[in-house]
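Trainee: I would like to learn how to read a fold from its model. Please take me through it feature by feature.

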Amino acid sequence: MGFLEYQIDLFSFKKSKKKRSISPDFSMDTLVAFRYHPRLKKSIRCNYKGIFGKPELALPLYMKEEAFMPARELAAEWALLIQKRKTKQNKEKIKEILDRFWTLVNQILIDQGNKCLTSKTRHLPIQPKGEHYDLEEVLAAVNETYFNSELQCKITWSNRIGGQSFHSIRKDPLSEKPFHLISISKGYDTKNCPFYAIAGVVYHECLHIKIPPKIVNGRRVVHGRDFKRLEKKYIFYEEWMDWHRKVLPLNLRKIMKIKK
Ligand SMILES: [Zn+2]
């Protein structure tokens, strides 16, 4: 490294911006204040303090961490809404924001490696890390090999016990933007599952994004001719199908037994 480069390095090091710290006591976007209560876990409460009746939100203590900042902002939005007149439209919006709030809270808890709260929301969090396979790694490999890394989607282990793999569309709780979600059957998260099998099912679900269902003569065609033709492009198609038919049902039966 030359002297000049070294100088530049030093300079850029010095210039690196200091992160602005975020106060956990106030909303950044609204006038809502936050207080934390160790006894709260799965609920939030709202009081109105002061002459201006500014909302003060009581949140569970774990939400004081910076990671929960986006969730706190959603809660603040909720606090402002419940102050308003309870029209039918407003009531629906309140319910929707609360649902998005708990969806986000659960996702943050899971991302931090914690347990999520029991069914507070319609959607369970996205959990790509399994016991044997990290689905994000499998998806990245399949995406690179077969889709030029151009496929935009998220992936999770399915929460339906003994369930099949499927593709769905969800909304991001924060931005409300829709995204594709691939859910993979837990029967694949086993020691006896070879990589070609899990890559096979991930490829199949990816194809559902690339080739959306079509309506032909009033019927919804999911695995049409185009789909089947492309599905067979997977180099271990036969081997995966064989595993899917013979081993997967046994794995699922085992999982069902354990859960009982
Ligand atoms: Zn399918």
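Trainee: How many helices and strands are in the protein?

Mentor: Helices (H or I, at least four residues) and strands (E, at least two) are DSSP runs, numbered from the N terminus. The protein has 8 helices and 8 strands. This is a predicted model, in which local features need pLDDT of at least 70, side-chain atom pairs count only at pLDDT 80 or more, and totals for chains, interfaces and linings use all residues. Residues are numbered from 1 along each chain as its sequence is written.

Trainee: What share of the residues is buried?

Mentor: A residue is buried if 20 or more other C-beta atoms lie within 10 Å of its own, exposed if 12 or fewer, and partly exposed in between, with C-beta atoms placed from the backbone. Of the 260 residues in the protein, 24% are buried.

Trainee: Which strands make up the open sheet of 3 strands, and in what order?

Mentor: Two strands pair if DSSP finds at least two bridges between them. Here the order is β4-β6-β5, and the pairing is mixed. β4 (154-157) and β5 (166-171) are the edge strands, each pairing on one side only. On average, neighbouring strands of this sheet are turned by 35 degrees against each other, direction ignored. β5 and β6 (residues 178-184) run antiparallel and are joined by 6 bridges. The bridge partner of lysine 171 is proline 178 in β6.

Trainee: Which helices lie on β6?

Mentor: Two terms come first. Residues are in contact if their C-beta atoms, placed from the backbone, lie within 7 Å. Axes are lines fitted to C-alpha atoms, for helices over the stretch in contact, and angles run from 0 to 180 degrees between N-to-C directions. Helix α4 (residues 135-147) lies across β4 and β6, at about 135 degrees to β4. Helix α5 (residues 195-210) packs on the sheet and touches β5 and β6, its direction making about 155 degrees with that of β6.

Trainee: Which residues of α5 are buried, and what covers them?

Mentor: The buried residues of α5 include Ala197, Ile198, Val201, Val202, Cys206 and Leu207. Their cover includes α4, β5, β6, α6 (225-231) and α7. As for length, α5 has 16 residues and reaches 22 Å from its first C-alpha to its last, close to the 22 Å expected at 1.5 Å a residue; the expected span is 1.5 Å times one less than the number of residues.

Trainee: How do α5 and α7 cross?

Mentor: Two packed helices are described by the angle between their axes and the distance between the axes. The axes of α5 and α7 (residues 237-246) come within 9 Å and cross at roughly 95 degrees. That makes α5 roughly perpendicular to α7; angles under 35 degrees count as roughly parallel, over 145 as roughly antiparallel, 65 to 115 as roughly perpendicular and the rest as oblique. Tyr196, Ala197 and Gly200 in α5 meet residues of α7, among them Trp240 and Trp243.

Trainee: Where is proline 38, and is the residue buried or exposed?

Mentor: Proline 38 is in the loop between β1 (33-37) and β2 (45-49). Proline 38 counts as exposed because it has 8 C-beta neighbours inside 10 Å. Its C-alpha atom is 7.9 Å from that of tyrosine 62, 24 residues away along the chain.

Trainee: How do β1 and β2 pair with β3?

Mentor: β1 and β3 (residues 54-60) run parallel, joined by 5 bridges, and histidine 37 has proline 60 in β3 as its bridge partner. β2 and β3 pair in the antiparallel sense over 5 bridges, with asparagine 47 opposite glutamate 56 in β3.

Key
Contact = placed C-beta atoms within 7 Å.
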